[in-house]
Amino acid sequence: QMAEWSGQFAYKQVADDLRAQIRRGRYPAGSQIPSYDQLMKDYGVSITVVRSAIRELRVEGLVVPHQGKGVFVSDPLPEGRQSGESADLQALLEELRAIRSHLESLEDRIAAVERLVSPSKS
């Protein structure tokens, strides 16, 4: 499921999650990722969100759509996205960036609430 109020577009969240799963080897090079219908159910999003997420991964060279067959992980994976230690490090760094972004969003929301609760005494 997707994070609510993350401050990030839904398609980016789906793309980030799929990218991380590819890098971790859940979907190895040459394998098929779930269908659009399954991704819609898994993430609770619309077909437009799924298409946008897949488009982003396609532009990065991580996946290749085959008309009438599905979407497959690129074989070989683009440089720096193959299984192994460097891919694990890349996935970890990506997760840290996502956490940092989420924390910044939360900080902004907390600051906005604090301004409402304790208006400036000017």
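**Terms and their grounds**

Modeller: Gly-68 takes a positive phi near 80° in the hairpin of β1 and β2, which has three residues between the strands. Please bear in mind that this is a predicted model.

Biologist: What makes β1 and β2 a pair of strands?

Modeller: Pairing requires at least two bridges. Strand β1 (residues 63-66) and strand β2 (residues 70-73) are joined by four bridges, so they pair, and they run antiparallel. One of the residues involved is Val-63, whose bridge partner in β2 is Val-73.

Biologist: Why is Arg-19 called buried?

Modeller: The limit is under 20% relative accessible area. Arg-19, in helix α1 (residues 10-24), has 5% relative accessibility and therefore counts as buried. Its contacts beyond four places in sequence are Glu-56, Leu-57, Glu-60, Leu-62 and Glu-94.

Biologist: How do you know that Arg-19 and Asp-16 form a salt bridge?

Modeller: The nitrogen must lie within 4 Å of a carboxyl oxygen. For Arg-19 and Asp-16 the N to O distance is 2.6 Å, so the pair qualifies. The two are three residues apart in helix α1, which means about one helical turn between them. Asp-16 is buried, as is Arg-19.

Biologist: Which other salt bridge does Arg-19 form, and what parts of the chain does that pair link?

Modeller: Arg-19 also meets Glu-60, at 2.7 Å from N to O. This pair links distant parts of the chain, with Arg-19 in helix α1 and Glu-60 in the loop between α3 and β1, 41 residues apart. Salt bridges with shared partners join Lys-12, Asp-16, Arg-19, Glu-56 and Glu-60 into one network.

Biologist: Why is Glu-60 called partly exposed?

Modeller: Glu-60 has 26% relative accessibility, which lies between the limits of 20% and 50%, so it counts as partly exposed.

Biologist: What makes the salt bridge of Glu-56 and Lys-12 qualify?

Modeller: Their N to O distance is 3.4 Å, and the limit is 4 Å, so the pair qualifies. Glu-56 belongs to helix α3 (residues 47-59) and Lys-12 to helix α1, 44 residues apart. Glu-56, at 15% relative accessibility, counts as buried, whereas Lys-12, at 26%, counts as partly exposed.

Biologist: Why is the aromatic pair called stacked?

Modeller: The structure holds one aromatic pair. Phe-9 and Tyr-11 lie 6.1 Å centre to centre, within the 6.5 Å limit, and their planes are 20° apart, under 30 degrees; the pair is therefore stacked. Phe-9 counts as exposed because its relative accessibility is 59%, over the 50% limit.

Definitions and conventions. Residues numbered from 1 in each chain as written. Predicted model: local features only at pLDDT ≥ 70, side-chain atom pairs only at ≥ 80, totals over all residues. Heavy atoms only, no water. Buried < 20%, exposed > 50% of the residue type's maximum accessible area, 1.4 Å probe, protein only. Contact = heavy atoms within 4.5 Å. Phe/Tyr/Trp six-rings, centres within 6.5 Å; stacked < 30°, edge-to-face > 60°. Salt bridge = Lys/Arg side-chain N within 4 Å of Asp/Glu carboxyl O.
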